[in-house]
Protein chains: 2
Amino acid sequence: MIKVFSQNHAYGIEIGRGLLSSLGRYCSRLSVGKDAFIVTNARVKRAYGGICALSLKEAGFTVSFCLVGDSEKSKSLAVCGKVLERLAGFDRGKRPFIVALGGGVVGDLAGFCAAVYKRGIPYVQVPTTLLAQVDSSIGGKTAVDLKAGKNLAGAFYPPRLVVTDVELLASLPRRQLVSGMAEVVKYGVISDPGLFRRLEADSSKILAGGLKELEYCVERCARIKAAIVSRDEREEKGLRTILNFGHTVGHAVEAASCYSGITHGEAISIGMACACSLSVRLGLLDGANAARVENALRLYGLPVMAGNTLTPRLIIEPLFRDKKFKGKNRFVLLRDIGRPVIVDDVSPELIREVVRARIRS
Amino acid sequence: MIKVFSQNHAYGIEIGRGLLSSLGRYCSRLSVGKDAFIVTNARVKRAYGGICALSLKEAGFTVSFCLVGDSEKSKSLAVCGKVLERLAGFDRGKRPFIVALGGGVVGDLAGFCAAVYKRGIPYVQVPTTLLAQVDSSIGGKTAVDLKAGKNLAGAFYPPRLVVTDVELLASLPRRQLVSGMAEVVKYGVISDPGLFRRLEADSSKILAGGLKELEYCVERCARIKAAIVSRDEREEKGLRTILNFGHTVGHAVEAASCYSGITHGEAISIGMACACSLSVRLGLLDGANAARVENALRLYGLPVMAGNTLTPRLIIEPLFRDKKFKGKNRFVLLRDIGRPVIVDDVSPELIREVVRARIRS
């Protein structure tokens, strides 16, 4: 078990194969009440709802499902309101707890619902995508989107437990697996040269869904994220900031494509490629290492160039509205693999130039 | 200044006459950024918006108003969403802060918006009603209502400062002043026999809007609430629970009347009368003291009987759904003036009998 320390409480991340069938047993150790409200989507419920509910019932829990759509559109205050009304109907006066069974959308939404229902009830993350297993299920950032921007309404609200069953990745569509690998590459690049070398060596096994290799990746990434958020939960000390490597331009790419037609992983892959180019142009990183990062992304079928329907303006404008900027521009760049550096106020001309070179003509 | 200690941070309550014109000066000591987003309603803006904005501008702040309706209906996720979108439009990339200028509805709603916008921005409470000055502005409970119940979506999120200008009470409609006095009587009854005696003696001066007397009341009540929430912010130790004296039946009365036709203070006045009756029936309180409490409520024109459109069933059913119950029934009762006691599992028959006797036939 990996431990995460939070201002509210410490919690564990259990990682392994076949853990879903032990979910009830894990939950019964938490003193979270007896009523489990499972937030998930229809696809995930079909695949894992049965085993999840059975495990909880066998451990003595009452179970109710609440289905939400599986696109980013579900991360809204309106859907949050519907989930909360359903939850209030399920609530028998004892405090229920939430099980977030799904990917990042379900985890962020269900976590936010847990944060605000009766000013906070416990929740357990059961991430079903690679992206959620290595990133969004850890660290307690919950949120929904506003029209004005992604994740603008949220809370720092850690789960009571994360149950990460890597076997669930076996049924993951390839594009989602690849999207998650972008974050895995990120962890290697920002803090684990050993992981990065394994990613260079094992790409075919990983892409074929090799559970041993995936479990290694998930475990390494979870450890890195757990260590960082334990020291800088609320992104106040600049430590958590390095997790945004590739995300500044990545978020802009997602916004420019209106969050459709491109996965989060694909967008941050382009973002990481841009961050490497910027690092090279600023004399921080040598070209050979930038090429290694680009090559690793390509090994997993991840893009390092944006489509030509995007214009530099579409990508650059939102940069100056990104909530990570706090009014000035800030990039996580690279000195070497495993050595990130935070750079403020990169020249807008240089950003423009580097982004332009990453758009297919 | 009264200090309140919270898990997040300590904050002050400034109480006095004419403080609104110093709001800007107070805010400039807080390091809350330069952009003030004032959430208020049209009536309060007409009365105090000008002086509030001027004071902030003179201290170098950018100011924007966001108007919300002044009924309980504004405490919804939908209105919260509208406020947040407006706030995102005002946000220039530096973190703005919120000024909650109004009564309990504005304070609860604006506080919740501050709690969730970008996972938390600072806010300052400027309570304009007696109820908000002695109760809702202190303690960091923020919330909006769900269809399923009041305050079901919220956060413990303390303000950075409370600026309480008792002069604002001069323009308060009498019914709202009286409603606030119910909470003032409550503080006297649960923890300050000296305040209670003053309330018995000074009713005509207070009802005439005597600022000296009102300032004394507000200051005493704020001190009591600050001391209690500093020791039990999240209602985990049973200390904060005593603040619910009169609220168990009071909330049920409000719910039974669908939150219209009766003020919060009127409802908890009836609730306090019921709590006194229960205390007497359980042999905890002697009848003379119960009569003193009832008499004090009557002095301020507060009801101790519910209207006959209410039925015992309408009042009693919601009791068993109240979120304060946590599955069993729990009452704050009285041994003496200044000596509250928490009693679990009062017999439903006795509750029914006591409530029935409080409904005008």
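Predicted model: local features only at pLDDT ≥ 70, side-chain atom pairs only at ≥ 80, totals over all residues.
- Strands of a sheet pair through backbone hydrogen bonds, and the pairing may be parallel or antiparallel.
- In chain A, seven strands in the order β1-β2-β9-β6-β5-β3-β4 form an open sheet whose pairing is mixed.
- The edges are formed by β1 (2–4) and β4 (62–67) of chain A, each of which pairs on one side only, and the twist from one strand to the next averages 20°.
- Strand β3 (residues 35–40) of chain A runs parallel to β4(A) and is joined to it by six bridges, with A:Phe37 standing opposite A:Ser64 in β4(A).

**Helices lying across the sheet**

- Helix α2 (residues 42–58) of chain A lies across β3, β4 and β5 (97–102) of chain A, and its direction is at about 170° to that of β4(A).
- Helix α9 (residues 211–231) of chain A lies across β1, β2 (11–16) and β9 (161–165) of chain A, running at about 25° to β1(A).

**A hairpin in chain A**

- Strands β10 (residues 330–336) and β11 (residues 339–344) of chain A run antiparallel and are joined by six bridges, and A:Arg330 has A:Asp344 in β11(A) as its bridge partner.
- Two residues lie between the strands of this hairpin of β10(A) and β11(A), where A:Gly338 takes a positive phi near 95°.

**How the two chains are related**

- Two copies of a chain are related by a rotation about an axis together with a shift along it.
- Here chain B can be laid on chain A by a turn of 180° and a shift of 0.0 Å along the axis, with an RMSD of 0.0 Å, which is the relation of a two-fold axis.
- The same surface serves both copies, since 100% of the contact residues of chain B recur in chain A.

**A valine in contact with both chains**

- A:Val116 is placed in helix α4 (residues 104–116) of chain A, and because its relative accessibility is 2%, A:Val116 counts as buried.
- Leaving aside neighbours within four places in sequence, A:Val116 is in contact with A:Leu84 and also with B:Phe112, B:Leu152, B:Ala153 and B:Gly154.
- A:Leu67 lies 49 residues from A:Val116 along the chain, and the C-alpha atoms of the two are separated by 19 Å.

**Cysteines without disulfides**

- A disulfide is a covalent bond between the sulfur atoms of two cysteines.
- With a cut-off of 2.5 Å between the sulfur atoms, the count over all chains comes to zero disulfides.
- B:Cys27 is buried, at a relative accessible area of 1%, and its sulfur is too far for a bond because the closest cysteine sulfur, in B:Cys52, is 8.1 Å away.
- B:Cys221 is also buried, with a relative accessible area of 0%, and the closest cysteine sulfur to its own, in B:Cys217, is 6.2 Å away and therefore too far for a bond.

Technical notes. Residues numbered from 1 in each chain as written. Chains lettered and ligands numbered in written order. Heavy atoms only, no water. Pairing = 2+ DSSP bridges. Helix = DSSP H or I, 4+ residues; strand = E, 2+ residues; numbered from the N terminus. Axes fitted to C-alpha atoms, helices over the stretch in contact; angles between N-to-C directions. Contact = heavy atoms within 4.5 Å. Least-squares fit on C-alpha atoms with pLDDT ≥ 70 in both. Buried < 20%, exposed > 50% of the residue type's maximum accessible area, 1.4 Å probe, protein only.
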